[in-house]
Amino acid sequence: VVSWGSGQTSLSSSQFLRRQQVLQLYRKILRAIREVPAEQDRRYLKDWAREEFKRNKDATEEDAIRMMITQGNMQLQELQRTLKLAKS
């Protein structure tokens, strides 16, 4: 079992890269959420993102993690598309 937060367990190179992907995705989502005009919507989306990542933080199955990253990227793209449409 790998615990990414503890710093006690060493990660394989693929686990390290996957962790970097997850953190990068989380940062991108939070950056996109900052562009949401309504404060209440921003707060809701930020809470949603935090809960999703927290809920899945102990996932260790490579295929499941890859799928979650793909799904997260699709949700990020949808948010970015929605923001772009709202601005035009």
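Mentor: Asp47 is partly exposed, with a relative accessible area of 39% (buried is under 20%, exposed over 50%, partly exposed in between, with a 1.4 Å probe and protein chains only). The model is predicted, so local features need pLDDT of at least 70 and side-chain atom pairs pLDDT 80 or more, while totals for chains, interfaces and linings use all residues. Residues are numbered from 1 along each chain as its sequence is written, and side-chain values use heavy atoms, leaving out hydrogens and water.

Asp47 forms a salt bridge with Arg50, their closest N and O atoms being 3.3 Å apart (a side-chain nitrogen of Lys or Arg within 4 Å of a carboxyl oxygen of Asp or Glu). Both residues lie in helix α2, 3 residues apart, about one turn of the helix (helices are DSSP runs of H or I, at least four residues, numbered from the N terminus). Arg50 is partly exposed at 33%.

The count comes to 10 salt bridges. Arg18, Glu62, Asp63 and Arg66 are linked in a network of them. Within it, Glu62 pairs with Arg18 at 3.2 Å. Because Glu62 lies in α3 and Arg18 in α1, this pair ties together parts 44 residues apart in sequence. Arg18 is buried, at 13% relative accessibility, whereas Glu62 is partly exposed at 23%. Asp63 and Arg66 meet at 2.4 Å, N to O, and are separated by about one helical turn of α3.

Beyond its neighbours within four places in sequence, Arg18 is in contact with Glu62, Ile65, Arg66 and Ile69 (heavy atoms within 4.5 Å).

Definitions and conventions: Helices (H or I, at least four residues) and strands (E, at least two) are DSSP runs, numbered from the N terminus.
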